[in-house]
Amino acid sequence: MKPSEPQPDDAARPDEPLAEKSPRERARAEAKPMAPLQAMAMGLILIALDSQSRYDLFPDPLGWLLVLWGVMKLPLPERPTLLTATGLALATACVLFVPAAEEAIGEAGLSMIWAVQLPDLAFVVLLCRALIAAARRQKPVDRTVAGRFGVALTAAVVVIALVPIGSAAENDGLITAADGGFVLLWLWLVWNLFAVSGRSWLASRPRPESS
């Protein structure tokens, strides 16, 4: 039996206009993947949220997993260093997620409380340095990104330094300023990650085409 020849409608189907596709196909064609910096910002928001129950309803490890996903997609040469820093912060968050461990650290005093926050601050410092370096590699230099994350980098260094200085001087005002600075730093970082996430040079690494 001789196979039937393809009809004109069938032959044109591969080039079917977007308007003639099903709603699901149109949504799939128009959908844009989440930018790496958007995923990281959303993860940092989840980390910042805390519930009043014994078990955190907004677990920090989940937020760090989202940050890790964003870091894995970053097209930057500093990605391996950022992955290491994110992994350390994730491991610390997993330990602190256990209520008994968090209570023990709280009873150990201010020094221990800030010690367990150092992985978070180290990630912020390394992320800001990576984004500043990447912005300076652009032609022309992306001064907006470099400037915004330069402010975040300076603030992170100041916050890290305030606690040991305040503790050594027995100055509660400096320690309170460090707490407030940490919150402002986190908000500034989240806002700017969203603000610059659309930069083409910060888009996801291209995925290999499926055969």
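The following questions and answers concern a predicted model of one protein chain.

Me: On what conventions do the values rest?
Reply: Residues are numbered from 1 along each chain as its sequence is written, and side-chain values use heavy atoms, with hydrogens and water left out. Because the model is predicted, local features need pLDDT of at least 70 and side-chain atom pairs count only at pLDDT 80 or more, whereas totals for chains, interfaces and linings use all residues.

Me: How many helices and how many strands does the protein chain hold?
Reply: Helices (H or I, at least four residues) and strands (E, at least two) are taken as DSSP runs, numbered from the N terminus. Along the sequence the pattern reads α-α-α-α-α-α-α-α-α-α. The count is therefore 10 helices and 0 strands.

Me: What share of the contacts in the protein chain with a separation of 6 or more comes from residues 24 or more positions apart?
Reply: A contact is defined by heavy atoms within 4.5 Å. Among contacts with a separation of 6 or more, residues 24 or more positions apart supply 68%.

Me: What percentage of the residues of the protein chain count as buried?
Reply: Buried denotes under 20% relative accessible area, exposed over 50%, and partly exposed the range in between (1.4 Å probe, protein chains only). The chain has 211 residues, and the buried share is 35%.

Me: Which residues make the nonpolar surface patch of about 570 Å²?
Reply: Patches consist of residues with over 30% relative accessible area and no salt bridge, where like charges are joined within 9 Å and nonpolar side chains (Val, Leu, Ile, Met, Phe, Trp, Tyr) within 5 Å. One of the members, L49, is placed in the loop between α3 (36-48) and α4 (60-73) and is partly exposed at 39% relative accessibility. The patch is made by M34, M42, I45, L49, F58, W69 and F194.

Me: Which residue meets E78 in a salt bridge?
Reply: A salt bridge requires a side-chain nitrogen of Lys or Arg within 4 Å of a carboxyl oxygen of Asp or Glu, and the structure holds 2 of them. In this one the N to O distance is 3.1 Å. E78 lies in the loop between α4 and α5 (79-96) and its partner in helix α8 (residues 118-137), so the pair ties together parts that are 59 residues apart in sequence. The partner of E78 is R137.

Me: How many residues apart in sequence are the parts that R199 and D142 tie together?
Reply: The side chains of R199 and D142 form a salt bridge at 2.7 Å, N to O. R199 is in the segment after α10 (172-196) and D142 in the loop between α8 and α9 (143-168), so the parts tied together are separated in sequence by 57 residues.

Me: Does D142 count as buried or exposed, and at what relative accessibility?
Reply: R199, its salt-bridge partner, counts as partly exposed at 24% relative accessibility. D142 counts as buried, at 14%.

Me: Which backbone oxygen does the side chain of T86 reach?
Reply: T86 lies in helix α5 and is buried, with a relative accessible area of 0%. Leaving aside neighbours within four places in sequence, T86 is in contact with W64, V67, L68, V71 and F123. At 2.7 Å, the T86 side chain reaches the backbone oxygen of L82.

Me: How far apart in space are P61 and C94, C-alpha to C-alpha?
Reply: P61 is found in helix α4 and is buried, with a relative accessible area of 12%, whereas C94 is partly exposed at 40%. Not counting residues up to four places away in sequence, P61 touches L90, A93, C94 and F97. P61 and C94 are 33 residues apart in sequence, and their C-alpha to C-alpha separation is 5.7 Å.

Me: Which peptide bond is cis?
Reply: Most residues other than glycine have a negative phi, and most peptide bonds are trans. P140 lies in the loop between α8 and α9. With omega near 0°, the cis bond runs from K139 to P140.

Me: What is the phi of E170?
Reply: E170 lies in the loop between α9 and α10 and counts as exposed at 73% relative accessibility. Although E170 is not a glycine, its phi is positive, at about 55°.

How values were computed: Areas by Shrake-Rupley, 256 points an atom, 1.4 Å probe, with all protein chains shown as cover. Polar contact = N/O pair within 3.5 Å; in protein donor to acceptor, adjacent residues only side chain to side chain.
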